[in-house]
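This report describes the architecture of a single protein chain, moving from its overall form to individual residues. The sequence and structure are shown first.

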Amino acid sequence: MSQRILTLLFTVFVLFACRKEEKIDRSSNARLQFSTDSLLFDTVFTSSGTTNRSLKIFNYSDKAVLISSISLQGGNTSAFKININGEASTSVSNLKIGANDSIYVFVKAFIDPNNAESPFLVEDAIEINLNGNQEKIPLVAYGQNAVYLNNERIVNNTSFKKGKPYIIYNTLNIDKNATLILEAGARLYFHKDAKMLIAGSLQANGILGDSITFCSDRQERIYSDEPGQWDGLYFLASSHSNILNYVTLKNALVGATVDSLSVNALPKLLISNSIVKNHQVAGVLSYNASIDVVNSLFYNCGQYLLAGFSGGNYRCYQNTFANYNYNFPRKTPSVYFTNFLNSSGQTKDVSVTFYNNIIYGSLQRELDFSEQSGGLVVKDFQNNLLKTDQQTWGNTNIYNSDPFFLNTRKENYQLASNSPAKESGKNLSNTIYYPNPLSKDILQQERAFPSTLGCFEK
């Protein structure tokens, strides 16, 4: 072995031999710092866990500390599970944190089912003992019992009630001869990639203050406005007489997909007094279908708020379509129709009627229509406020005037008192939706003609 290697080994030996062991502060004055003083979990469904929340424990001292114990107060019976610095356990002892260093504690909530219908509170705490001093970090979760449906098929007329929410895994099928009735206040929460296939009829009739909810089963705040968490509602060819009234439909890939014309005199889908928001692709996507939308609010979807391809019949009265997309880019108009599906496809008849709507957003063109020769095309746009660089929709419309929404970042699409949409509406008392629901706005305020454009009268 060469002299140089021997010298290097000797040097390393001396350095390690001379290194002093890190000093540990054992005084009662030693203190830890925490990233939060408590951990609060949003609604946790029984038999289903939450995502991890984290607690970071800091030692800002120039000496190490030795934590005598970190433990879950409720132990093995707790509704919470913890992982302490990489170790899944209810308690860890003699854990050292070096000078100016830190460790993580990860927490997850699991709640056993009971018979309660209303949300209930579940509590525990993480206890940290250091040099005779104890700190407690409270853990709080709201538990919620639920009805779990996995690949359920509804073959007879069925009602879903207000109490416990319905958690849907994979697919909920409504057979051709069945009707699913959702009572006011019913909540349908869909697991990742879950969907509803409606071959029969869906009747969702909420009321103001007790609407019906379709959304993801992730109820943590970080998921509240996250699009694409579930697949959406699919209205199939045999489906008929579907109603979404006072419904909140949010956070899907596509909120509702409608694939054909109605099989009777009614529209295949009527959406009224509802909120459709935060969908990854579109709020409503249609293929040669018949859809009526009244008194509703559509906003912030990744491509379209409402899109009808390959023809169809569409009537929209007193709606607000607003697409600002603060969290993701968009290049497509908010409202879009075609009389064809693709460049080589057959054209089909299309009829589009828009009265007293607001269509506005962050793009220069928020309304567009692509047309190929062939088939009947009816475009009837009257008394709307439109954001578009194509002012060819009729001379009764208001073009490119800011509607003055009160606060789009806070999702408040009511209008300021100086909005050009005030008292600009067409008299709709001769339409099929007067007096119900057009005599009142989405908040049940009386509507007088000439009305304010959009779904809010005041």
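What percentage of the 458 residues of the chain count as buried? Of these residues, 51% do, where buried means under 20% relative accessible area, exposed means over 50% and partly exposed lies in between (1.4 Å probe, protein chains only).

## Basis of the description

The model is predicted, so local features need pLDDT of at least 70 and side-chain atom pairs count only at pLDDT 80 or more, whereas totals for chains, interfaces and linings use all residues. Residues are numbered from 1 along each chain as its sequence is written, and side-chain values use heavy atoms, with hydrogens and water left out.

## Overall form

The chain contains 39 strands and 1 helix; helices (H or I, at least four residues) and strands (E, at least two) are DSSP runs, numbered from the N terminus. Along the principal axes, the C-alpha atoms fill a box of roughly 95 × 55 × 50 Å. The radius of gyration is 29 Å, whereas a compact globule of 458 residues would have a value near 23 Å. This radius is taken over C-alpha atoms, and the globule rule is 2.2 Å times the number of residues to the power 0.38.

Among contacts in the chain with a separation of 6 or more, 64% join residues 24 or more positions apart, a contact being heavy atoms within 4.5 Å.

## Surface and charge

The chain exposes about 21300 Å², of which carbon and sulfur atoms supply 48%; accessible areas come from the Shrake-Rupley method with a 1.4 Å probe, and for residues only the protein chains shown count as cover.

There are 40 positive and 38 negative side chains, with the centres of the two sets 4 Å apart. Lys and Arg count as positive and Asp and Glu as negative, while His and the chain ends are not counted. Each charge is placed at NZ of Lys, CZ of Arg, CG of Asp or CD of Glu.

## Nonpolar cores

In soluble globular proteins, nonpolar side chains tend to be buried together. A nonpolar core is here a set of buried Ala, Val, Leu, Ile, Met, Phe, Trp, Tyr and Cys residues joined through side-chain atoms within 4.5 Å. The largest such core has 55 residues, and Leu182, Met196, Leu202, Phe214, Leu233 and Phe354 touch the most other members. Apart from this core lies another, of 31 residues, among them Leu39, Ile57, Ile70 and Val92.

Beyond its neighbours within four places in sequence, Phe354 is in contact with residues including Leu306, Phe321, Val335, Phe337 and Phe381. Asp380, Gln382 and Asn384 are also among the contacts of Phe354.

## Selected strand residues

Asn94 lies in strand S7 (residues 91–97) and counts as exposed, at 57% relative accessibility. Asn94 has a positive phi of about 50 degrees although it is not a glycine.

Arg153 belongs to strand S12 (residues 153–154) and is partly exposed, with a relative accessible area of 49%. Leaving aside neighbours within four places in sequence, Arg153 contacts Asn173 and Asp175.

## Backbone features

Asn85, in the loop between strand S5 (80–84) and strand S6 (87–88), has a phi near 50 degrees, a positive value in a residue other than glycine. Its relative accessible area of 43% makes Asn85 partly exposed.

Two peptide bonds are cis with omega near 5 degrees: Tyr434 to Pro435 and Asn436 to Pro437. Pro435 is found in the segment after strand S39 (412–415), and Pro437 is also placed in the segment after S39.
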